Amino acid sequence: MTTVYLMFGPQGSGKSTQGENLAEELKLPYFDAGANLRTLAKSQTDEGRALEKLMEEGKLVPNKVLKTLFYSFIKNNDCEKGLVADGFPRNEVQIELLDELAHDHRWQIVGIFINIDDETAKQRLSKRTIIVNGQAQTRDDDKPEIVSKRLATFRRETLPVVNWLRTNWKLLEIDGQPSVDEVSQSVMKAVKELKDGR
(Lines give C-alpha, C1' and ligand atoms only; values in the text may rest on other atoms or scores of the structure.)
Protein backbone atom coordinates (compact mmCIF):
# COMPACT_ATOMS: atom_id res chain seq x y z
CA MET A 1 0.00 0.00 0.00
CA THR A 2 1.18 3.52 -0.82
CA THR A 3 2.11 5.57 2.25
CA VAL A 4 1.48 9.31 2.36
CA TYR A 5 3.28 11.22 5.12
CA LEU A 6 1.64 14.46 6.26
CA MET A 7 3.75 17.00 8.14
CA PHE A 8 2.14 19.08 10.91
CA GLY A 9 3.41 21.55 13.46
CA PRO A 10 2.98 25.14 14.59
CA GLN A 11 4.76 27.88 12.66
CA GLY A 12 8.46 27.75 13.48
CA SER A 13 8.44 24.02 14.26
CA GLY A 14 10.67 23.26 11.28
CA LYS A 15 8.12 20.93 9.69
CA SER A 16 9.04 22.08 6.16
CA THR A 17 12.72 21.31 6.73
CA GLN A 18 11.82 17.95 8.26
CA GLY A 19 9.42 17.22 5.41
CA GLU A 20 12.13 17.91 2.84
CA ASN A 21 14.60 15.74 4.77
CA LEU A 22 12.09 12.87 5.04
CA ALA A 23 11.19 13.06 1.33
CA GLU A 24 14.87 12.99 0.39
CA GLU A 25 15.59 10.09 2.75
CA LEU A 26 12.64 8.04 1.46
CA LYS A 27 13.10 9.22 -2.17
CA LEU A 28 9.51 10.47 -2.39
CA PRO A 29 7.99 13.59 -4.02
CA TYR A 30 7.57 16.52 -1.63
CA PHE A 31 4.51 18.80 -1.71
CA ASP A 32 5.07 22.12 0.07
CA ALA A 33 1.72 23.93 0.25
CA GLY A 34 3.28 27.11 1.65
CA ALA A 35 5.85 27.44 -1.13
CA ASN A 36 3.21 26.79 -3.79
CA LEU A 37 0.88 29.35 -2.24
CA ARG A 38 3.60 32.00 -1.94
CA THR A 39 4.46 31.53 -5.61
CA LEU A 40 0.80 31.90 -6.56
CA ALA A 41 0.44 34.95 -4.27
CA LYS A 42 3.27 36.74 -6.08
CA SER A 43 1.65 36.22 -9.47
CA GLN A 44 0.10 39.35 -10.94
CA THR A 45 -3.42 37.87 -11.06
CA ASP A 46 -6.58 38.77 -9.16
CA GLU A 47 -6.41 35.41 -7.40
CA GLY A 48 -2.74 35.94 -6.51
CA ARG A 49 -3.36 39.39 -5.05
CA ALA A 50 -6.35 38.18 -3.01
CA LEU A 51 -4.27 35.27 -1.75
CA GLU A 52 -1.37 37.54 -0.79
CA LYS A 53 -3.72 39.69 1.29
CA LEU A 54 -5.08 36.64 3.15
CA MET A 55 -1.59 35.35 3.89
CA GLU A 56 -0.39 38.76 5.10
CA GLU A 57 -3.31 38.76 7.55
CA GLY A 58 -2.39 35.29 8.83
CA LYS A 59 -5.61 33.69 7.53
CA LEU A 60 -6.05 30.31 5.89
CA VAL A 61 -6.43 30.29 2.12
CA PRO A 62 -9.64 29.03 0.45
CA ASN A 63 -10.02 25.25 0.35
CA LYS A 64 -10.52 25.22 -3.42
CA VAL A 65 -7.12 26.88 -4.01
CA LEU A 66 -5.23 24.31 -1.94
CA LYS A 67 -7.28 21.48 -3.45
CA THR A 68 -6.32 22.60 -6.97
CA LEU A 69 -2.63 22.85 -6.07
CA PHE A 70 -2.59 19.42 -4.42
CA TYR A 71 -4.46 17.71 -7.28
CA SER A 72 -2.08 19.28 -9.77
CA PHE A 73 0.90 18.01 -7.76
CA ILE A 74 -0.23 14.38 -7.57
CA LYS A 75 -1.15 14.46 -11.26
CA ASN A 76 2.27 15.78 -12.32
CA ASN A 77 4.46 13.70 -10.01
CA ASP A 78 5.08 9.99 -9.64
CA CYS A 79 3.36 9.31 -6.30
CA GLU A 80 2.94 5.57 -6.79
CA LYS A 81 5.38 4.83 -3.95
CA GLY A 82 3.99 7.62 -1.78
CA LEU A 83 4.70 11.26 -1.05
CA VAL A 84 5.44 13.70 1.76
CA ALA A 85 3.06 16.67 2.09
CA ASP A 86 3.50 19.78 4.21
CA GLY A 87 0.51 22.09 4.71
CA PHE A 88 -2.29 19.77 3.60
CA PRO A 89 -4.87 19.14 4.96
CA ARG A 90 -5.11 22.33 7.04
CA ASN A 91 -8.67 22.09 8.31
CA GLU A 92 -11.56 19.68 8.83
CA VAL A 93 -13.14 20.43 5.43
CA GLN A 94 -9.95 19.28 3.70
CA ILE A 95 -10.06 16.02 5.68
CA GLU A 96 -12.97 14.96 3.45
CA LEU A 97 -10.81 15.46 0.36
CA LEU A 98 -7.96 13.51 1.96
CA ASP A 99 -10.35 10.69 2.83
CA GLU A 100 -11.55 10.52 -0.78
CA LEU A 101 -8.00 10.49 -2.14
CA ALA A 102 -6.91 7.84 0.37
CA HIS A 103 -9.82 5.63 -0.68
CA ASP A 104 -9.36 6.17 -4.42
CA HIS A 105 -5.58 5.68 -4.41
CA ARG A 106 -5.44 3.10 -1.60
CA TRP A 107 -3.20 5.33 0.50
CA GLN A 108 -2.08 4.64 4.03
CA ILE A 109 -1.96 7.98 5.86
CA VAL A 110 0.73 8.75 8.44
CA GLY A 111 0.69 12.11 10.21
CA ILE A 112 3.92 13.48 11.68
CA PHE A 113 3.28 16.15 14.31
CA ILE A 114 6.35 18.22 15.29
CA ASN A 115 5.34 20.11 18.39
CA ILE A 116 6.86 23.21 19.97
CA ASP A 117 5.48 25.79 22.39
CA ASP A 118 4.30 29.24 21.27
CA GLU A 119 7.24 31.08 22.84
CA THR A 120 9.75 28.97 20.91
CA ALA A 121 7.75 29.50 17.71
CA LYS A 122 7.84 33.28 18.12
CA GLN A 123 11.56 33.33 18.93
CA ARG A 124 12.46 31.21 15.91
CA LEU A 125 10.30 33.16 13.48
CA SER A 126 11.67 36.50 14.70
CA LYS A 127 15.10 35.35 13.52
CA ARG A 128 13.96 33.99 10.14
CA THR A 129 14.79 36.22 7.16
CA ILE A 130 14.51 36.25 3.38
CA ILE A 131 16.71 38.14 0.91
CA VAL A 132 14.94 40.87 -1.07
CA ASN A 133 17.02 43.01 -3.45
CA GLY A 134 20.15 41.90 -1.65
CA GLN A 135 18.79 42.85 1.79
CA ALA A 136 17.78 40.50 4.63
CA GLN A 137 14.15 41.09 5.60
CA THR A 138 11.57 39.48 7.85
CA ARG A 139 8.84 37.76 5.84
CA ASP A 140 5.53 39.64 6.06
CA ASP A 141 3.82 36.61 7.62
CA ASP A 142 6.61 36.28 10.23
CA LYS A 143 5.95 39.67 11.83
CA PRO A 144 5.01 39.27 15.55
CA GLU A 145 1.36 40.35 15.24
CA ILE A 146 0.84 38.02 12.25
CA VAL A 147 2.63 35.11 13.96
CA SER A 148 0.20 35.34 16.90
CA LYS A 149 -2.73 35.16 14.47
CA ARG A 150 -1.17 32.24 12.58
CA LEU A 151 -0.60 30.29 15.81
CA ALA A 152 -4.21 30.92 16.86
CA THR A 153 -5.40 29.78 13.43
CA PHE A 154 -3.24 26.66 13.71
CA ARG A 155 -4.78 25.75 17.07
CA ARG A 156 -8.32 26.46 15.88
CA GLU A 157 -8.19 24.97 12.37
CA THR A 158 -5.33 22.47 12.12
CA LEU A 159 -5.06 20.86 15.58
CA PRO A 160 -8.45 19.15 15.03
CA VAL A 161 -6.91 17.55 11.90
CA VAL A 162 -4.01 16.25 14.00
CA ASN A 163 -6.47 14.81 16.52
CA TRP A 164 -8.50 13.23 13.69
CA LEU A 165 -5.36 11.54 12.35
CA ARG A 166 -4.52 10.29 15.82
CA THR A 167 -7.92 8.56 15.97
CA ASN A 168 -8.42 7.43 12.37
CA TRP A 169 -4.98 6.79 10.88
CA LYS A 170 -1.45 6.85 12.30
CA LEU A 171 0.15 9.78 14.09
CA LEU A 172 3.83 10.07 15.03
CA GLU A 173 4.40 12.77 17.65
CA ILE A 174 7.84 14.36 17.68
CA ASP A 175 9.36 16.86 20.12
CA GLY A 176 10.44 19.81 17.95
CA GLN A 177 12.39 21.67 20.66
CA PRO A 178 15.86 20.08 20.04
CA SER A 179 18.19 20.90 17.13
CA VAL A 180 17.21 20.28 13.49
CA ASP A 181 19.51 17.23 13.30
CA GLU A 182 18.13 15.74 16.50
CA VAL A 183 14.54 16.22 15.33
CA SER A 184 15.43 14.64 11.95
CA GLN A 185 16.83 11.61 13.76
CA SER A 186 13.66 11.35 15.86
CA VAL A 187 11.46 11.54 12.74
CA MET A 188 13.42 8.85 10.89
CA LYS A 189 13.52 6.61 13.97
CA ALA A 190 9.73 6.87 14.37
CA VAL A 191 9.12 6.22 10.66
CA LYS A 192 11.46 3.21 10.66
CA GLU A 193 9.79 1.74 13.74
CA LEU A 194 6.38 2.19 12.12
CA LYS A 195 7.58 0.47 8.94
CA ASP A 196 9.05 -2.38 11.00
CA GLY A 197 5.73 -2.77 12.79
CA ARG A 198 7.04 -1.78 16.19
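**Entry 1: what covers α8**

I looked up what covers the buried residues of α8, and the cover includes β1 (2-8), α1, β4 (107-115) and β7 (170-175). For contact I took heavy atoms within 4.5 Å. Buried here means under 20% relative accessible area, exposed over 50%, and partly exposed in between, with a 1.4 Å probe and protein chains only. Helices (H or I, at least four residues) and strands (E, at least two) are DSSP runs, numbered from the N terminus.

A note to myself on the source: this is a predicted model, where local features need pLDDT of at least 70 and side-chain atom pairs count only at pLDDT 80 or more, while totals for chains, interfaces and linings use all residues. Residues are numbered from 1 along each chain as its sequence is written, and side-chain values use heavy atoms, leaving out hydrogens and water.

I then listed the buried residues of α8: Val183, Ser184, Val187, Ala190 and Val191. Seen down the axis of α8, they fall within an arc of 130 degrees, so they line one face of the helix; the arc is taken from the directions from the helix axis to the C-beta atoms. On the face turned away from the buried side I found the exposed residues Asp181, Gln185 and Lys189. Just after α8, Gly197 has a positive phi of about 80 degrees.

**Entry 2: Gln18**

Next I visited Gln18, which sits in helix α1 (residues 15-26). Gln18 is buried, at a relative accessible area of 4%. Leaving out residues up to four places away in sequence, Gln18 touches Met7, Ile114, Val180, Val183, Ser184 and Val187. A polar atom of the Gln18 side chain lies 3.2 Å from the backbone oxygen of Val180.

**Entry 3: salt bridges**

I searched the whole structure and got six salt bridges, each a side-chain nitrogen of Lys or Arg within 4 Å of a carboxyl oxygen of Asp or Glu. One of them joins Asp118 and Arg155, with the closest N and O atoms 2.5 Å apart. Asp118 lies in helix α6 (residues 118-126) and Arg155 in helix α7 (residues 144-168), so this pair ties together parts 37 residues apart in sequence. Asp118 is partly exposed at 30% relative accessibility, and Arg155 is partly exposed at 41%.

I also noted Arg166 with Glu173, at 3.1 Å from N to O. Arg166 counts as partly exposed at 37%, as does Glu173 at 49%.

Key:
A polar contact is a pair of N or O atoms within 3.5 Å; within protein, one must be able to donate a hydrogen and the other to accept it, and residues adjacent in sequence count only if both atoms are side-chain atoms.
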